[in-house]
Amino acid sequence: MSTEIMASANAEARAVTGAGPEARAMDLLRFATAGSVDDGKSTLIGRLLYDTKSLFTDQLAAVEAVSAARGDEYTNLALLTDGLRAEREQGITIDVAYRYFATPRRKFIIADTPGHIQYTRNMVTGASTADLALILVDARKGLVEQSRRHAFLCSLLRVPHLVLCVNKMDLVDWSQEVYEQIADEFTAFAAKLDAPDLTVVPISALRGDNIVTRSENMPWYEGPSLLHHLERVHIASDRNLVDVRFPVQYVIRPQSTTVTDYRGYAGQVASGVLKTGDEVMVLPSGFTSRIAAVETADGPVAEAFPPMSVTVRLADEIDISRGDLICRPNNAPAVAQDIEAMVCWMDETAPLRVGGRYAIKHTTRSARAIVRGLHYRLDINSLHRDESADELRLNEIGRVRLRTTVPLLADEYRRNRTTGGFVIIDEATNRTVGAAMIVEAT
Amino acid sequence: MTTPAAYQVSHLDALEAESIFVMREVVAEMERPVLLFSGGKDSIVMLRLAQKAFAPANIPFPVMHVDTGHNFPEVLEYRDQRVAELGLQLVVASVSEALASGLVRESADGMRNRIQTPVLLDAVEKHRFDALFGGARRDEEKARAKERVFSFRDEFGQWDPKNQRPELWSLYNGRHHPGESIRVFPLSNWTELDIWHYIARERIPLPSIYYAHEREVIERDGMFYAVNEFFRPRAGEERFKAQVRYRTVGDASCTAAVRSDADTVEKVIEEVAATRITERGATRGDDRVSEAAMEDRKREGYF
């Protein structure tokens with residue numbers, strides 16, 4: 001996007017979307033983007049930041065200066081997010097960059113990840129916390145291997161909302177036919193993946209069509225602009241409010257003369273709604289009690305639900321420590337040492353091998369695990385399962401069976417992204433080497 | 001605030017919940033945490049979050065001030081008052097003492113930003129701190145935009161941007177060998193505007209220099225520097241009085257003020273929402289050295 005185009009971008013739209021002092025009741029949406037510079041991803045992000053007044057003149061001036069010095073034909077907005085020296089020198093995006101913008105309705109956190117297959121682990125990382133994922137395709141090229149791979153990773157990580165942006169519509173004469181063919185093909189593919197809510201938007205990131213306001217160049221498109229969709233997509237119901245899961249993070253016991261006999265279990269609600277008086281069960285012990293109070297530093301609250309960080313007090317004195325989990329007696333996670341999981345391997349130095357021993361971190365619980373089996377390695381482009389595989393290398397994904405030293409208090413990942421996910425850590429290097437999504441726990 | 005009927009939380013509540021979770025993880029898993037407290041607005045917000053995370057117990061770790069010796073008196077006064085109110089243990093890592101003992105030497109330009117690093121690392125080693133809470137935010141600077149919430153540092157305090165641990169879901173990996181440490185950034189996902197909205201909502205008092213006041217300044221590179229014992233005007237630089245406030249509070253020899261009439265928190269929020277220049281771009285002489293100035297300092301162990 002050239003500076004002139006950016007400078008002329010929607011003065012009126014900015015007035016609408018600027019996050020002013022009134023912006024206090026807005027909520028938070030985290031979204032991940034994946035793609036390469038060729039897809040116009042950086043232009044799109046630059047456009048969103050610029051049109052919401054989140055791009056600053058000194059940032060833009062710095063990027064323009066560097067672009068000019070490198071002889072780029074246009075201001076290379078990728079330089080905004082490529083923050084590391086190595087990235088700028090090599091002209092590539094290595095890592096996840098977090099960007100922020102806000103409108104009066106919502107605050108947005110963008111996890112901007114590189115799209116190439118050698119950065120699968122970065123995309124998995126970005127998608128792990130995302131409410132929504134934005135996939136870009138070039139209208140001239142249609143769906144490519146990379147688009148399918150991104151859609152698959154989003155479904156693997158259970159990102160609840162998917163948006164396909166068909167970009168560069170200006171270069172296909174704003175053709176409804178081109179758009180519909182891509183939209184239909186992607187919709188059919190997403191259905192096979194059991195992908196959740198899908199929205200398709202035809203855009204031109206460079207020209208600003210369907211980004212903040214509806215495009216006049218595509219009157220045949222009746223859906224919302226991208227920002228309109230991002231601002232209004234309903235995310236509250238994505239949270240699991242049914243299964244009460246409260247991993248105990250820390251036990252608060254003041255050593256004080258003014259507060260005596262206080263014992264509170266601090267943590268962040270993973271799912272469900274906790275209320276005073278509720279009958280609860282503590283795992284792994286299985287003891288039951290009642291919630292005496294749900295507290296915050298600002299006083300007691302009637303209910304706690306995700307993502308609140310609270311302190312729970314129980315009516316009975318039970319021995320509870322970090323790593324235990326509070327749930328309801330009739331709705332408990334598995335207490336399991338045999339874990340079937342999809343694993344994305346993230347270490348370049350050594351592959352995951354059958355027989356390998358690792359440390360794991362699952363909610364607030366740490367354990368050790370041994371790899372008992374590798375059922376298959378998945379080709380994330382073709383989704384072909386290679387059952388002859390005997391290891392997983394960097395960026396490879398496969399279905400793995402593990403046995404843990406202590407029971408995990410676990411749910412299936414598809415039902416609960418917090419109690420269903422864990423990380424694998426190399427005990428010698430302390431590096432995080434794998435991300436696991438539980439398929440079955442027994 | 002929260003609307004229990006719809007089971008939705010505001011963005012400030014979501015950010016607060018995340019920061020509290022991060023702080024509790026650190027206290028649960030690390031041996032000797034410390035909170036870096038400069039008296040700046042971000043560390044002040046961080047201290048409030050620490051109070052909330054462990055209430056009704058006291059904050060279970062000390063705070064450390066890396067004191068360059070170039071302080072705004074209002075900020076030092078605020079620091080001491082806050083520490084006393086909360087009954088905290090304060091560790092001062094003094095650059096002036098380190099200069100006297102020969103640990104570091106004054107840099108040619110007189111700025112002490114860069115020589116803070118060895119002083120910080122020395123204090124970390126002496127007190128055997130293994131987790132350091134810092135108030136850095138990812139929106140501040142593009143190297144910070146790529147840093148993890150739990151940022152691993154080797155035994156020399158160095159950050160290796162190409163060798164960072166993947167950070168998934170809310171599972172933070174704080175494992176380290178003796179001598180290594182973790183910098184923890186609970187405010188990673190907050191923006192300058194979020195910080196100000198939170199200060200307003202929580203009615204958090206700040207050092208007075210964050211609000212508009214009259215001060216004798218000079219103008220250099222489009223920034224306004226206060227004339228004081230640490231900052232000497234160069235020949236030809238004219239002193240004049242102006243209505244200013246500080247957007248960031250750092251070393252008094254290299255932190256500049258901005259022209260402002262915002263003398264209340266509400267007016268500051270309006271100003272921050274309307275500004276078109278980043279806070280570091282508007283106020284920090286030290287970031288202008290090169291395109292990668294911050295990344296280079298962080299590699300050396302800067303926070």
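The model is predicted, so to speak of local features a pLDDT of at least 70 is needed, side-chain atom pairs count only at pLDDT 80 or more, and totals for chains, interfaces and linings use all residues. Residues are numbered from 1 along each chain as its sequence is written, while chains are lettered from A and ligands numbered from 1 in the order in which they are written.

**Overall fold of chain B**
- Chain B has 9 helices and 10 strands, taken as DSSP runs (helices H or I, at least four residues; strands E, at least two) numbered from the N terminus.
- Its radius of gyration is 19 Å, close to the 19 Å that the globule rule gives for 303 residues, so chain B is as compact as a globular protein of that length; the radius is taken over C-alpha atoms, and the rule is 2.2 Å times the number of residues to the power 0.38.
- Along the principal axes, the C-alpha atoms of chain B fill a box of roughly 55 × 55 × 40 Å.

**The H2(B) and H6(B) pair**
- Helix H2 (residues 41-54) of chain B packs against helix H6 (residues 192-202) of chain B at about 50 degrees, with axes 11 Å apart; axes are lines fitted to C-alpha atoms over the stretch in contact, and angles run from 0 to 180 degrees between N-to-C directions.
- B:Lys41, B:Asp42, B:Val45 and B:Arg48 of H2(B) meet B:Ile195, B:Tyr198, B:Ile199 and B:Glu202 of H6(B), a contact meaning C-beta atoms, placed from the backbone, within 7 Å.

Definitions and conventions. Contact = placed C-beta atoms within 7 Å.
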